[in-house]
Amino acid sequence: MPDTLTIRALQPSDRAQWAEMWCDYLAFYETTVPDQTYDNTFARLLGDDPNDFSCFVAEADGQLVGLTHYLFHRHAWKEESVCYLQDLYARPEARGTGVGRALIQAVYDEGDRQGAPSVYWLTQDFNHTARKLYDRIGKQTPFIRYQRP
């Protein structure tokens, strides 16, 4: 892990670096979103609506090297809200240095702070590099995701 790695909440001044990383993240998953979605998502991440996503970023030597978007939501099987970690990204040069693990730990810690009984996330089966980390710090479930075509 970089000596100067800091995990912190997203700030308005992070817009350009956040957008660059999120664009790269979306490209990895072979998708894009309209410019308006970048604007709306960034505004939501900075807002105070507890039903919106939040964001932690990883900063090293004054540059953002990773991000994670997460959300708390109700669950029909639990009294407490659960935490969904939707996006996790580390710049290629930061991979393998502990950035991803530190970002996930920050979400775990926030989940604990808010009393969430679980934190969960999805990834694609071909994301072998990330899955090596996920297999160490999480438990793969037998669920298969379906969605409307």
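How many nonpolar, polar and charged residues are there, by class, in the lining of the largest pocket?

## The model

This is a predicted model, in which local features need pLDDT of at least 70 and side-chain atom pairs count only at pLDDT 80 or more, while totals for chains, interfaces and linings use all residues. Residues are numbered from 1 along each chain as its sequence is written, and side-chain values use heavy atoms, with hydrogens and water left out.

## The largest pocket

The lining of the largest pocket has 17 nonpolar, 13 polar and nine charged residues, where Ala, Val, Leu, Ile, Met, Phe, Trp, Tyr, Cys and Pro count as nonpolar, Asp, Glu, Lys and Arg as charged, and the others, Gly among them, as polar. On a 1 Å grid over the protein atoms alone, a pocket is an open set of points where a 1.4 Å probe fits, with protein on both sides within 12 Å along at least five of seven lines, and lining residues have an atom within 4 Å of a point. The space in this pocket comes to about 1600 Å³, a volume being the space filled by probe spheres set on the points, which are joined across faces, edges and corners.

Of the 39 residues that line the largest pocket, Tyr84, Tyr120, Trp121, Leu122 and Thr123 lie nearest its centre. At least two lining residues each come from α1 (15-28), α2 (35-46), β3 (63-73), β4 (82-90), β5 (119-120) and α4 (128-137), and β4 gives the most, with four residues. These helices (H or I, at least four residues) and strands (E, at least two) are DSSP runs, numbered from the N terminus.

## The second largest pocket

The second largest pocket has a volume of about 560 Å³. It is lined by 27 residues, and Ala90, Arg95, Thr129, Ala130 and Leu133 are the closest to its centre. Two or more residues of this lining come from each of α1, β4, α3 (99-113) and α4. By class, the lining of the second largest pocket has 14 nonpolar, eight polar and five charged residues.

In α4, the buried residues (under 20% relative accessible area, with exposed meaning over 50% and partly exposed in between, for a 1.4 Å probe and protein chains only) are Ala130, Leu133, Tyr134 and Ile137. Seen down the axis of α4, these buried residues fall within an arc of 100°, so they line one face of the helix; the arc is that of the directions from the helix axis to the C-beta atoms. An α-helix has 3.6 residues a turn, so residues three or four places apart point the same way.

The buried residues of α4 pack against β4 and α3, in contacts that mean heavy atoms within 4.5 Å. The face turned away from the buried side carries the exposed residues His128, Lys132, Asp135 and Arg136.

## Residues in strands and loops

Glutamine 86 is found in strand β4 and is partly exposed, with a relative accessible area of 33%. Not counting residues up to four places away in sequence, glutamine 86 touches Tyr25, Phe53, His69 and Tyr70. Glutamine 86 and leucine 122 are 36 residues apart in sequence, while their C-alpha atoms are 7.2 Å apart in space.

Glutamate 30, in the loop between α1 and α2, has a phi near 55°, a positive value in a residue other than glycine, and glutamate 30 is exposed, with a relative accessible area of 74%. Aspartate 61, in the loop between β2 (54-60) and β3, also has a positive phi, near 55°, and counts as exposed at 64% relative accessibility.
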